[in-house]
Amino acid sequence: MTASTQGLLASYEYLDSTVDAIAGLRKAGFKNVKAYAPYPEHHIEAALGYGQSPVRVFTLVGGLTGTATGFAFTAWTSMDWPLVVGGKPIVSIPAYVIIAFELTVLFGALATVIGLFILSKLPDLRPAVIYDPEFSSGRYGVYVEAPTERAGEARRILEKEEPVELREGTEVAHA
Amino acid sequence: MATATTTERGALAHPDVHQLGDVNRDVLKILGRPGKGWWMLFLVAAAGVGLFFGSWGWQLYEGIGVSGLNSPVGWGVYITTFVFWVGIAHSGTLISAILFLFRAPWRQSIYRAAEAMTVFAVMTAGLFPLIHVGRLWHAYWLIPYPNSRFLWPNFKSPLVWDVFAVTTYFTVSAVFFYLGTIPDIAAARDAATGLRKKLYSVISLGWRGTDRQWHHFGKAYIFLAALATPLVLSVHSVVSWDFAMAIVPGWHATIFAPYFVAGAIFSGVAMVITLTVPLRKIFGLEAYLTTKHFDAMAKLCLLTSLIVLYAYLSEFFLAWYSGEEIERTAFWNRLFGDYWWATWTMLTCNGLVPIMLWFRRVRLSIPALFVISIFINIGMWFERYVIVVTSLHHEFEPWAWGIYRPSLTEMGIMIGSFCWFGFWFLLFTRLLPPVAIAELKEVLPPPLRKQTKEARA
Amino acid sequence: MADLILPDRHFLESWGDSSPRAGVVALRQPAMQPVPHFDGKQTGDVLLSVASRSGSPLGAVTFYEYLRGRHRAAHRPASGDFEAAWHRMLKRGVSEVPEDRDAGGPLRAFERGALTFDAPMLDGDGDFTLLVHPSPRFGAGEFSNSPWMQELPDPVSKITWHSWVEMHPDAAESRGIREGDVVTVSSPHGSVDVPVWLYPGIREDAVALAMGGGHADFGRWGSDRGVNAMDLLPAVVEQPSGAFVTLATTVSVTPTGRRRRLATTEGSDDQHDRPIAPAVALAELGHVAREEEGAHGELQELQGVGGFVPVPAEGGAPEAFPLEGSRHGQYAEPEGLARWAMAVDLDKCTGCSACVTACQAENNVPWVGEDQVMMGREMHWVRIERYYEHVDASHASHLDVRFLPMICQHCGNAPCEPVCPVFATYHTPEGVNAQIYNRCVGTRYCANNCPYKVRVYNWYRYTDENVPEPMNWQWNPDVTVRENGVMEKCSFCMQRIRDAENRSVLEGRGKIPADGEIVPACQQSCPAEAIVFGNIRDPNSRIARVVDGERTYRVLDELINTQPAVSYLKKVTFHEVVSGGHE
């Protein structure tokens with residue numbers, strides 16, 4: 001945040017107030033609007049205009065990498081030092097399907113988590129300057145970062161929806 | 001405001017839970033000072049952990065010979081208990097992932113405990129192959145790592161499949177569990193003070209519940225659930241192939257994978273009941289764990305019990321119908337041989353006792369369910385014992401037939417493993433929110449200003 | 001008893017000669033430094049120095065000089081210089097001067113009239129005649145202080161480490177005695193408490209006890225083990241032979257109320273009609289024409305299938321194996337290699353169990369002790385199975401006892417191999433199922449999946465704890481000593497195979513040694529020469545010729561298609577085969 005902008009954080013008790021506040025801010029052209037919620041609330045996501053999450057790309061790429069790794073690794077190690085066991089072929093594909101499957105899931109899952117962390121910028125252990133502990137309990141929050149000259153307008157929009165609390169402050173520059 | 005009002009949500013029918021914050025109040029209070037009951041259980045568990053590692057240490061010092069294993073019965077209580085714990089793990093993932101994908105409305109209250117059970121059960125199970133091998137100090141050879149001798153594990157061996165399946169399962173279920181807990185740890189952080197606050201701050205990774213976090217979180221969660229679903233079905237299939245891939249009569253059967261998966265869910269759901277009944281009582285979670293939940297779990301038990309019973313019967317039938325004398329002898333021996341008592345315990349606990357679950361009154365009685373669930377736990381342990389031991393002790397070569405008697409060390413490790421599991425589960429109930437806070441709020445009616453105003457007016 | 005006990009040197013440390021059979025005098029010289037733990041002398045040296053100290057010296061100071069002197073005296077000038085001849089003799093290990101074949105001869109002329117038999121005089125009025133017999137393992141007791149002998153299952157009873165009294169099942173049943181009951185066997189001369197073992201091959205009015213047990217003071221392994229059958233006998237000596245009379249008394253058998261678990265290696269004495277140890281009646285032999293289909297089937301299969309030669313399957317029959325178009329695993333160049341195989345003629349095998357101990361000695365197999373045998377943990381790589389079959393349907397008590405030496409079958413499609421997670425067991429290009437001790441993690445999966453149950457496991461540090469100093473000096477230096485947690489099994493005496501192969505290569509004879517050059521320990525020790533080993537790919541080898549007959553079969557192969565490299569030749573019976581025939 002630079003000196004020419006100002007952050008405002010409103011805490012709401014009601015979901016509809018929150019959604020209305022977000023809609024109002026976005027209608028007025030504020031870009032840096034962020035919402036807090038104690039649980040995933042798709043109405044808020046809809047109000048903020050979210051589309052598909054790119055996490056799925058991570059999952060897909062991770063999974064396919066796992067499949068390829070599983071087959072390639074098992075086949076290569078078998079041929080690296082070919083030993084016959086039980087009269088079976090050196091490269092026994094049916095047996096290797098299991099390894100490939102497990103690696104698909106493992107790589108897919110880990111890639112998903114990595115994707116989540118990258119996209120939502122976690123972990124972020126810097127202390128929050130402006131945050132309401134009630135956001136993890138029963139309150140919703142709307143934070144807006146407005147140019148100083150439009151701070152008043154933003155404040156009016158937030159106050160219109162009857163916040164429990166309205167604070168000025170800065171938010172650590174994450175997310 | 002039209003957007004936020006119309007969703008029909010499966011509200012919790014309890015007068016004490018009105019507001020979102022009430023969930024935090026009820027759940028986070030569990031994390032407070034532990035009571036006498038908790039300490040008693042914890043001390044018992046800690047003593048059992050001592051027994052567990054003491055017995056294992058004794059075995060390492062003396063050699064694997066302190067078990068009762070022999071030739072022909074090279075696998076016994078350790079593998080039985082391994083399969084038992086892997087099986088227990090399964091229902092946790094079933095409830096957290098599969099029921100999540102199916103949007104089952106009753107999963108929210110129990111899934112966190114079930115998931116924790118999964119993680120700790122896999123953790124416990126994972127120790128058993130290590131306990132079981134003769135040379136623990138070389139067990140890492142099952143892991144493919146680059147080495148100067150170009151030695152790799154044998155990927156045709158079901159045991160290597162097991163290594164991959166169980167480590168993948170542990171990793172994915174631990175990640176899934178942790179990920180789901182992050183918002184709730186953040187909630188605990190916001191309510192805590194002092195050292196706990198610092199701890200929760202670190203392990204909540206700085207979660208704030210912003211729109212962006214929730215957005216990606218939701219998607220990541222769905223994908224993890226989608227990956228965990230086939231995984232959970234595969235893991236017990238792979239475990240079953242440890243047996244089915246062998247040529248041992250009584251093991252070599254194509255029915256094993258579905259049979260084991262059903263058995264796993266059967267035993268796992270029973271274990272969830274065994275764990276949540278006292279959890280509900282001790283921590284006063286009656287509002288969240290209602291008879292509706294127990295009824296649903298009991299129905300799941302009943303369904304899987306029928307599948308398992310069908311598998312038992314079809315095994316016996318096919319042994320007879322095949323006309324293969326060695327196969328017939330193996331199954332005759334299972335019913336009437338040296339280990340008849342194990343088989344009949346299994347059939348009674350897994351086939352007969354669950355018949356009571358057909359009755360609605362039984363399903364709605366929590367004490368009855370608790371007792372039945374313990375019968376099922378015992379029965380499912382014996383099922384694996386029957387499969388492992390009775391098949392091995394009478395194999396192809398009659399001259400090599402033998403009898404296996406579990407030793408005290410094996411019993412110590414087996415009983416100790418329950419305490420080891422309980423130890424972690426008890427710690428979990430105090431350190432992490434044992435009921436999913438955020439997800440419960442999803443099924444509460446959202447607080448709406450308009451409704452509230454109308455109500456006041 | 002003795003006032004003085006002196007340690008002797010064993011044969012590898014001492015000089016000596018012997019006459020293994022008429023006409024041959026073998027020379028023996030030390031092959032190693034004396035074991036440092038004992039400051040001993042060999043018996044000959046002791047006697048020489050005693051003679052010298054007591055004032056009547058025998059001319060030589062050491063036994064070496066004495067031995068040399070004897071052979072110098074026997075030396076014939078025609079053989080040239082004695083020094084050169086002595087060195088030649090030591091090198092060959094055999095004296096050049098054959099012993100006079102006629103020097104033996106009967107000690108005394110045989111008088112037909114001297115040979116009369118009296119009916120045995122039996123003391124007492126017990127229900128049973130007592131039969132005391134020398135043990136196949138201990139003789140009259142002189143080998144009781146050997147753990148190898150103690151652990152060796154008795155050829156028939158299969159009991160190890162302790163004594164037993166043999167009784168007929170019907171006699172036992174009528175007295176309410178079960179197997180494993182400890183009974184008091186008492187004669188007018190003494191009594192012993194001993195567990196019962198039931199044997200349908202003994203008369204109902206007799207009980208039998210083997211010699212060799214109950215030593216009061218016979219070393220670490222022989223003392224206080226079992227009971228001494230001699231305690232029941234009167235001190236009577238038969239004239240004129242001077243032999244101890246062992247058929248001299250009746251005994252009564254009374255239960256003590258105690259029971260004990262027999263330290264037996266027996267699982268079931270019934271084959272359950274499985275194709276394990278079949279027999280063929282003499283009258284049925286020779287009816288399969290050599291040209292007929294099936295006559296050479298076993299040989300062709302043995303030569304063809306090793307788990308490494310691609311086998312094109314013929315026909316689409318569902319029972320055809322391998323399936324059409326499928327290929328077994330293969331090594332790059334199986335041609336030019338041997339395919340090691342073994343055959344055991346069950347008609348020659350008497351179940352004597354010499355091979356069991358020979359294998360134990362050759363392959364550093366530890367003994368495990370009585371408790372471990374009772375738990376089912378004996379480690380012999382060779383196991384002589386003993387099954388009972390009926391002679392005919394009407395005489396259920398008449399037994400056809402079948403012996404089957406069971407070793408690793410070195411299966412072409414070995415079930416043990418693919419289940420090992422770390423390749424500790426695999427198939428060599430020569431068709432041997434190899435076990436890599438150092439690689440073994442000890443999951444025991446291979447043993448579970450072995451249908452023949454020939455894999456044995458080191459449950460404890462048997463090789464350390466059971467084999468105290470200086471017995472560890474007996475380990476065969478060519479074979480690894482295994483630690484606890486390791487699976488092991490018959491290797492076809494791989495060390496001997498490698499030794500012969502190396503020698504063959506060094507001598508320019510190619511990779512495959514001559515037929516008969518490799519002799520595994522079991523074959524070497526078999527007095528009946530029932531075991532044949534060799535390269536079955538060589539059609540002129542003895543193994544190929546032995547296997548190529550109508551008696552050949554392979555255990556369980558027709559059921560589970562393991563393609564063993566070990567084939568057996570069916571026992572031939574005079575009577576019709578009524579059970580366990582598998583025709």
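How many bridges join β2(A) to strand β3 of chain A, and in which direction do the two strands run? In this predicted model, five bridges connect β2(A) with β3(A), a strand formed by residues 140-147, and the two run antiparallel. Within this pairing, A:Tyr36 has A:Gly141 of β3(A) as its bridge partner.

The two strands belong to an open sheet of four strands in chain A, ordered β2-β3-β1-β4 with antiparallel pairing. From one strand to the next, the twist averages 15°. Helix α5 of chain A, comprising residues 151-160, lies across β1 (5-12), β3 and β4 of chain A and runs at about 5° to β1(A).

Chain B contacts both chain A and chain C. In the interface with chain A, 58 residues of chain B are in contact with 60 residues of chain A. On the chain B side, at least two residues each are supplied by α1 (20-28), α5 (158-191), α7 (211-244), α15 (437-442) and α16 (449-456). The most is given by α7(B), with 17 residues. By class, this side of chain B has 30 nonpolar, 17 polar and eleven charged residues.

In the interface with chain C, 38 residues of chain B are in contact with 41 residues of chain C. Here α5 and α10 of chain B each supply at least two residues of the side that touches chain C. That side divides into 21 nonpolar, eleven polar and six charged residues.

Within chain B, helix α10 (residues 325-336) also packs with helix α9 (residues 291-322) at an angle of about 145°, and the axes are 8 Å apart. The crossing of α9(B) and α10(B) is left-handed. From α9(B), B:Glu315, B:Phe316, B:Ala319, B:Trp320 and B:Ser322 meet B:Glu327, B:Arg328, B:Ala330 and B:Phe331 of α10(B). This contact has five nonpolar, one polar and three charged residues.

In chain C, C:Glu142 is placed in the loop between β3 (128-133) and α4 (147-151). C:Glu142 counts as partly exposed because 14 C-beta neighbours lie inside 10 Å, whereas a buried residue would need 20 or more and an exposed one 12 or fewer. The C-alpha atoms of C:Glu142 and C:Gly222 are separated by 9.3 Å, although the two residues are 80 residues apart along the chain.

Definitions and conventions
Residues numbered from 1 in each chain as written. Chains lettered and ligands numbered in written order. Predicted model: local features only at pLDDT ≥ 70, side-chain atom pairs only at ≥ 80, totals over all residues. Contact = placed C-beta atoms within 7 Å. Nonpolar A, V, L, I, M, F, W, Y, C, P; charged D, E, K, R; others polar. Axes fitted to C-alpha atoms, helices over the stretch in contact; angles between N-to-C directions. Left-handed = near helix turned anticlockwise from the far one by under 90°. Pairing = 2+ DSSP bridges.
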